[in-house]
Amino acid sequence: MTTDVISTGIGTIRTGVLGGGFMARVHAAAAQAAGSPIIALASSTPDRAAAAASRLGAARVEPDAAALIAASDIDVVHVCTPNATHAPYALAALEAGRHVVCEKPLATTAADARRLVEAAAHAGVIAAVPFVYRYHPMVREARARVARGDVGTLLSVQGAYLQDWMLAASDDDWRADAATGGPSRAFADIGSHLCDLLEFVAGERIARLTAVTRRVFDRRAEHEVDNEDIAGILAELASGAVATLLVSQMAPGRKNGLTLELHGTAASLRFAQERPEELWVGGRHGSQLLLRDPETADASSARLHRMPAGHPMGYQDAFDGFVADVHAAVRGEAPDGLPTFADGLRAAVLTEAVLASAARREWIEVEG
Ligand code: SOE
């Protein structure tokens with residue numbers, strides 16, 4: 001059954017959501033903020049789907065993912081389900097000719113992620129992965145300052161993504177089971193955001209890395225755990241800049257402690273996700289805390305300021321900016337910095353490099 005919302009070609013973009021958890025809510029809110037109705041939602045059971053549809057304002061429930069993907073009145077499918085289902089659902093949606101927004105990790109193997117990049121190119125649709133921290137205006141400001149040479153030659157980078165929600169052995173989640181979450185947990189879940197942000201802001205890639213991973217508990221709740229809680233990475237960027245990165249889901253007091261600090265020959269920059277209104281600009285003879293202000297922002301950042309200076313923007317605003325860009329791309333524009341399936345593949349390649357390095361205790365050359 002379909003609803004009577006009429007597609008006007010590039011007019012109303014109609015959204016379908018797979019999944020009913022926290023991320024589905026964030027995706028749905030962002031689609032609605034961009035003027036897109038949530039036409040349908042499907043989840044793991046019809047009851048869950050009905051409850052989520054009423055919470056999220058979806059017009060109808062589909063019995064399962066296949067039915068939602070097949071529905072001809074949906075333009076963009078948002079895949080917000082457990083990790084192991086991302087690749088099959090995204091592939092089915094691409095094959096049905098839908099535009100796709102797929103949560104990270106895009107796939108639990110780089111080979112599957114590569115197949116999805118190829119399928120998206122073949123389908124000729126928009127295929128995006130929500131590396132949404134790119135959509136904080138102060139991240140764009142940092143990226144613009146690196147690109148225009150304000151930091152000089154990049155020397156080193158220090159980054160972290162720290163959380164504490166898996167601190168106790170009783171803390172559990174589907175991500176702690178490789179069958180649903182994938183072979184990497186902490187790195188794939190949040191290290192991927194950190195590396196995406198690093199490469200996005202630095203404008204260059206990690207060339208090689210060596211990593212140590214740690215699984216603190218072999219069992220959580222009633223099952224075995226087969227992926228990592230913590231990852232420490234030493235990396236060399238293409239330019240030779242040295243990066244140290246720490247990723248943990250067991251750092252007491254840290255919730256979404258995503259920080260990125262770049263040091264160049266002329267200046268340093270530091271962005272902290274929990275204080276997204278600020279960018280620290282470090283100098284040998286004086287440092288500044290730059291506050292978000294569309295009046296003074298670089299043009300590449302200015303378009304993402306959804307609020308005037310002094311009215312703080314946050315995570316949902318960044319997500320809204322991302323989905324607005326997905327819709328712009330669907331309409332034929334080429335928004336700057338839209339994270340696509342190619343970026344999802346990049347994260348999958350880095351994830352495999354981290355796991356391989358940790359297992360072999362070796363440096364790994366990262367392809368691409
Ligand atoms: C859980 O670790 C999670 O919700 C991630 O899946 C998100 O990508 C991250 O941004 C916040 O934490």
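**Stop 1: an exposed residue.** Select Arg-361. Arg-361 is exposed, because its relative accessible area is 67%. The classes work like this: buried is under 20% relative accessible area, exposed is over 50%, and partly exposed is in between, with a 1.4 Å probe and protein chains only. Arg-361 sits in the loop between helix H11 (341–360) and E17. Its phi is near 55 degrees, a positive value in a residue other than glycine.

**Before you move on.** This is a predicted model, where local features need pLDDT of at least 70, side-chain atom pairs count only at pLDDT 80 or more, and totals for chains, interfaces and linings use all residues. Residues are numbered from 1 along each chain as its sequence is written, and side-chain values use heavy atoms, with hydrogens and water left out.

**Stop 2: another positive phi.** Select Ala-221. Ala-221 is in the loop between strand E9 (219–220) and strand E10 (223–224). Its phi is near 50 degrees, positive in a residue other than glycine. Is Ala-221 buried, exposed or partly exposed? Ala-221 counts as partly exposed because its relative accessibility is 43%.

**Stop 3: the sheet.** Switch to cartoon view. 9 strands form an open sheet with mixed pairing, in the order E16-E15-E14-E13-E7-E12-E11-E8-E17. Which strands are at the edges? They are strand E16 (288–291) and strand E17 (364–365), each pairing on one side only. Two strands pair if DSSP finds at least two bridges between them. Strands of a sheet pair through backbone hydrogen bonds, either parallel or antiparallel.

Now compare two pairs.

- Select residues 154–162 and 242–248. These are strands E7 and E12, which run parallel and are joined by 7 bridges. Leu-162 stands opposite Ser-248 in E12.
- Select E15 and E16. They run antiparallel, joined by 4 bridges. Val-281 has Gln-288 in E16 as its bridge partner. The two strands form a hairpin with 5 residues between them, and Gly-286 in the turn has a positive phi of about 145 degrees.

**Stop 4: helices across the sheet.** Select residues 137–147, which are helix H6. H6 lies across strand E14 (268–272), strand E15 (278–282) and E16, at about 30 degrees to E15. Next, select helix H8 (residues 186–202). H8 lies across E7, strand E8 (206–214), strand E11 (230–237), E12, strand E13 (257–264) and E14, at about 150 degrees to E12. Axes are lines fitted to C-alpha atoms, for helices over the stretch in contact, and angles run from 0 to 180 degrees between N-to-C directions. Contact means heavy atoms within 4.5 Å.

**Stop 5: Gly-149.** Gly-149 is in the loop between H6 and E7. It counts as partly exposed because its relative accessibility is 41%. Draw a line from Gly-149 to Val-201: they are 52 residues apart in sequence and 12 Å apart in space, C-alpha to C-alpha.

**Stop 6: the cavity.** Select Val-139, Ala-142, Leu-197, Val-201, Leu-260, Leu-262, Phe-271 and Leu-279. They line the largest cavity. Its volume is about 40 Å³. H6, H8 and E13 each supply at least two of the lining residues. On a 1 Å grid over the protein atoms alone, a cavity is a set of points where a 1.4 Å probe fits but cannot get out; a pocket is an open set with protein on both sides within 12 Å along at least five of seven lines; lining residues have an atom within 4 Å of a point. Grid points are joined across faces, edges and corners, and a volume is the space filled by probe spheres set on the points.

**Stop 7: the largest pocket.** Select Phe-22, Met-23, Cys-80, Trp-174 and Arg-175. Of the 40 residues that line the largest pocket, these lie nearest its centre. The elements giving two or more residues to this lining are helix H1 (22–33), helix H2 (46–56), H4, H8 and helix H10 (315–330). H2 gives the most, with 4 residues. The pocket has a volume of about 870 Å³.

**Stop 8: Asn-83.** Asn-83 is in the loop between strand E4 (76–79) and helix H4 (86–95). Asn-83 counts as buried because its relative accessibility is 6%. Leaving aside neighbours within four places in sequence, its contacts include Trp-174, Arg-175, Lys-104 and Pro-105. Show the backbone oxygen of Gly-181: it lies 2.8 Å from a polar atom of the Asn-83 side chain. A polar contact is a pair of N or O atoms within 3.5 Å; within protein, one must be able to donate a hydrogen and the other to accept it, and residues adjacent in sequence count only if both atoms are side-chain atoms.

**Last stop: a cis bond.** Select Lys-104 and Pro-105. The peptide bond from Lys-104 to Pro-105 is cis, with omega near -10 degrees. Pro-105 is in the loop between strand E5 (99–102) and helix H5 (110–123).
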